[in-house]
Amino acid sequence: MEKILTKKSFPLWVKELVSYKIYAPQKNGDLWNFETIKKPESINLDFPNTVLPPKNIIFPQREVLLEFESSNENKLQVKETLPDDDPTIIFGVRPCDAKALTLTDKVFSGDFKDPYYWKRRNSTVLIGLACNIPPSPNCFCLSVGGSPHSKEGLDILMTDLGDKYFVESLSEKGSTLINLAKPLFQQPKAADKKAVEKTQAEAEKKITRQIKDIKKIPSILKNMFDSPLWDEESLSCLRCGICTYLCPTCHCFDINDEVASSSPVKGKRVRTWDTCQFPDFTMHSSGHNPRPDRASRLRQRIFHKFQYFVERYQNYLCTGCGRCISKCPVGIDIIEVLDKVRDYGS
Amino acid sequence: MVNLDNLKKEANRILKEEKVKYIIGYKKSSNGLFTVPAFIKNPEEVEKLTWDPTCVYNLTRFLVDEKRKKAKEKEPDERPVGLIVKGCDSRALVVLLQEKFINRDDVYILGVSCEETGVLDEKKLAKTLKGKKVKNIEFGKNDNFVVTTKDGKTEIPAKEILAERCLECNANFPVISDILFGEKVKRKSDNPFESLEKFESLSKEERWTFWKEQLDKCIRCYACRSVCPMCYCDECVADTINFAVIAETTAEEKAQKIKWVEKSPVTSENFVYHLVRAIHLAGRCIDCGECERACPLDIPLRLLNKKLEKEAKELFGYEAGFDADVPSLVSSFKDEDPEDFIR
Amino acid sequence: MAEEFEPKIVAFLCKWCSSAGSDLAGVSRMEYPSNVVPITVMCSGSISPLYIFSAFNRGADGVLVSGCHPGDCHYIKGNFYARRRIALVKKLLDYIGLEPQRFQMSWVSAAEGKKYTQIIKDFVKELKPLGPQTKLRRNL
């Protein structure tokens with residue numbers, strides 16, 4: 001379904017959606033992040049990239065998996081704590097961040113479908129906003145199979161056409177939302193479609209960064225496990241978690257028991273984000289750590305994204321949002337690292 | 001003004017004469033405006049070295065990695081590491097020397113003076129130029145920065161785009177060095193606690209609301225800890241495991257490891273982490289401002305550390321990073337230390 | 001009528017003076033509020049600021065650190081170190097907006113059972129109007 005929505009009508013549409021929990025990019029200080037909105041008028045879709053991707057709405061940094069408590073007979077009672085499945089809408093999802101969710105979908109599916117992830121995922125409608133201007137100077141979505149107007153993973157894609165949005169419904173969930181406020185939407189004219197095509201073509205041209213010959217990378221990496229390159233490239237790495245915590249595709253987690261009382265035993269089992277960049281990520285209880293240094297941790301990040309994941313799911317675990325480049329406190333640049341990998345192979 | 005050619009000449013000399021293992025300095029990043037840390041091993045690479053207002057990093061931090069690496073080597077190279085330091089970085093070095101974390105022989109110090117300026121704040125620059133892309137930026141005359149954009153060169157008064165920490169810096173030249181580039185000029189009339197004093201005048205509840213909002217943003221990426229030259233503990237209270245674990249450690253010992261801070265990024269846990277970090281930096285933080293710069297969520301961490309810097313100065317007359325031979329703030333005392341708060 | 005709020009106080013007492021002082025109060029049958037959870041440590045100088053933050057984190061409404069009078073430290077100067085460190089912790093907690101009344105330090109000798117009871121009485125009296133400490137309390 002393709003429609004036109006004027007910018008004036010946009011808040012009216014949002015008003016029709018009040019039964020949903022609505023997230024949209026909100027500005028706090030100099031930073032944009034996805035937050036729940038109180039007023040429909042407060043949605044401003046003219047924003048650069050959010051610091052955090054909307055990943056944490058579907059896969060929160062902290063998730064309570066179960067609660068436990070010992071009863072009178074000294075038996076342990078365990079209660080599963082599934083998240084609420086309140087219908088949720090996220091406005092302003094960038095195509096790269098939406099695509100990232102299709103990748104984490106793969107991870108949380110398989111033989112065991114993670115109920116915590118899927119409960120949130122299934123109750124959330126993703127309304128995307130095509131990037132007419134790259135939201136970050138380090139955008140490189142075109143190199144990893146995405147585009148500034150990719151529809152992958154989205155329920156609706158909106159394209160800004162000046163005083164109106166071109167609204168394209170891509171799923172049943174999306175159509176439902178449009179049908180809730182049918183009179184606000186108009187049929188697009190041929191000129192509108194042309195304008196969309198033109199904007200999209202121009203948007204692609206504005207993306208300046210790219211990974212050349214990315215197709216070669218997975219096979220080159222295969223022979224690079226023991227390469228001295230990792231030592232060289234990780235010299236300035238600080239072992240912080242910025243690159244992975246801000247990544248829309250990184251999904252590693254840790255599970256801990258948060259014990260509120262030891263007698264009687266009472267507490268919660270909690271899942272929190274974890275990252276391969278922390279020294280304790282693969283620390284064994286024997287004291288041995290198979291990834292003892294920065295080099296092996298940088299290698300793990302690159303291999304997971306451009307080798308292991310490709311072999312297993314035929315996709316790069318990277319959607320080119322550029323957050324890890326922009327926010328790295330010492331300027332480590334994943335594109336540069338991959339350039340060196342490619343040079344190494346040739 | 002720092003003469004880059006002289007700096008390169010000296011770097012070339014010490015590498016050629018094999019006086020140092022390698023040099024930690026700054027080089028232009030291949031993408032964009034900012035510099036990145038450079039690890040120069042051969043005289044041929046010296047050309048890469050640069051010095052401009054984007055040299056924000058505190059390279060002293062990398063001595064921590066160097067020490068750890070060296071400890072693992074069977075036959076370590078005992079030569080020093082060449083290190084380029086600004087004023088703030090040199091004070092961090094003094095604290096590491098004071099704490100005997102490193103020896104003076106471990107490092108050959110190439111000091112660069114910020115003179116009347118300092119390093120810039122990326123965000124301030126972006127705001128001033130309203131998104132215009134910068135091609136180059138260098139130190140100019142009269143405390144100006146010369147910024148080159150596609151429209152040509154413009155001069156911007158350094159004060160407008162200097163990092164906040166530089167505006168409040170009270171020693172903008174290296175306090176220790178083997179060779180110094182630039183002049184030891186002290187900038188005048190700066191109040192090192194200006195932003196802090198403004199904040200202190202708020203009411204208790206306003207301060208609480210502020211810190212709660214700020215620390216609630218924390219995602220515990222630990223960039224503040226990782227970028228800090230003073231955060232060199234082998235084991236941090238915020239980590240969930242004990243790095244002192246060896247093959248012989250018993251299960252019981254492991255089970256009894258106290259979990260001071262949960263991994264969950266919630267108010268109570270974030271506060272314990274940040275309060276512990278702040279107090280552990282008391283009398284050690286030299287306000288290089290790297291924690292605040294690194295924070296992806298713009299938590300004003302300097303405001304936390306500055307408070308204890310000010311109290312150390314006012315209560316105990318102690319300033320960190322000027323003298324490696326005095327005992328540290330919390331390993332010393334005076335009979336006349338204030339005790340009016342004690343019952 | 002609602003039950004009156006009873007604050008929970010964690011008191012870090014040095015083994016040689018303050019803890020002995022509290023014992024003296026006990027064996028002398030002096031009366032004082034039962035709001036205190038005493039933790040005996042070897043010296044006030046051995047109290048890490050982490051213990052104090054952790055006590056608030058686990059739900060203390062007030063924290064007391066108590067050691068020997070200056071000059072009386074069993075380890076000669078442990079309490080002088082404590083005095084410096086605690087001053088900084090106190091400033092920091094006040095700075096982030098915790099009520100300053102919630103964190104106290106005192107000198108109590110082994111002979112000052114009476115003083116100990118008075119300190120606790122005063123502390124409880126000051127904490128009651130503040131109500132429970134929720135700012136730093138863990139609520140997971």
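Start with helix H13 of chain B, residues 301-316, which holds both B:Lys306 and B:Glu309, 3 residues apart, or about one turn of the helix. Keep in mind that this is a predicted model. Those two residues form a salt bridge, with 3.6 Å between the closest N and O atoms. Is B:Lys306 buried or exposed? Its relative accessible area is 3%, so B:Lys306 is buried. The pair is also part of a network: salt bridges with shared partners join B:Glu168, B:Asp287, B:Arg302, B:Lys306 and B:Glu309.

For contrast, take B:Lys150 and B:Asp151, whose side chains meet in a salt bridge at 3.9 Å, N to O. Here B:Lys150 has 64% relative accessibility and therefore counts as exposed. B:Asp151 is exposed as well, at 53%.

Moving to chain A, A:Arg62 forms a salt bridge with A:Glu258, and the closest N and O atoms are 2.8 Å apart. This one links distant parts of the chain, since A:Arg62 sits in strand S4 (residues 62-70) and A:Glu258 in strand S10 (residues 253-262), 196 residues apart. A:Glu258 counts as buried, at 5% relative accessibility. Over all chains, the search finds 64 salt bridges.

Next, the interface between chains B and A. How many salt bridges cross it? The rule finds 5. One salt bridge pairs B:Asp65 with A:Arg294, with the closest N and O atoms 3.0 Å apart. On the chain B side, the elements that each supply at least two residues are strand S2 (35-40) and helices H2 (62-72), H4 (122-128), H9 (223-227) and H12 (290-294). By class, that side has 20 nonpolar, 6 polar and 15 charged residues.

In terms of contacts, 41 residues of chain B meet 45 residues of chain A. The two chains bury about 3,400 Å² between them, 54% of it on carbon and sulfur atoms. B:Ile219, B:Lys263 and B:Pro296 supply 17% of the area chain B buries against chain A, more than any other three residues.

Last, the nonpolar cores. The largest has 193 residues, and A:Trp230, A:Phe306, C:Ile52 and C:Leu93 touch the most other members. Helix H3 of chain C, residues 78-95, gives the largest share of this core, 8 residues. A second, separate core has 27 residues, among them A:Ile22, A:Trp32, A:Phe47 and A:Ile178. Back in chain A, the residues that A:Phe306 touches include A:Val144, A:Ile214, A:Tyr316 and A:Leu338.

That is where I will stop.

How values were computed
Residues numbered from 1 in each chain as written. Chains lettered and ligands numbered in written order. Predicted model: local features only at pLDDT ≥ 70, side-chain atom pairs only at ≥ 80, totals over all residues. Heavy atoms only, no water. Contact = heavy atoms within 4.5 Å. Buried area = accessible area lost by both parts, 1.4 Å probe. Salt bridge = Lys/Arg side-chain N within 4 Å of Asp/Glu carboxyl O. Helix = DSSP H or I, 4+ residues; strand = E, 2+ residues; numbered from the N terminus. Nonpolar A, V, L, I, M, F, W, Y, C, P; charged D, E, K, R; others polar. Core = buried A, V, L, I, M, F, W, Y, C linked by side-chain atoms within 4.5 Å. Buried < 20%, exposed > 50% of the residue type's maximum accessible area, 1.4 Å probe, protein only. Lists of a residue's contacts leave out its neighbours within four places in sequence.
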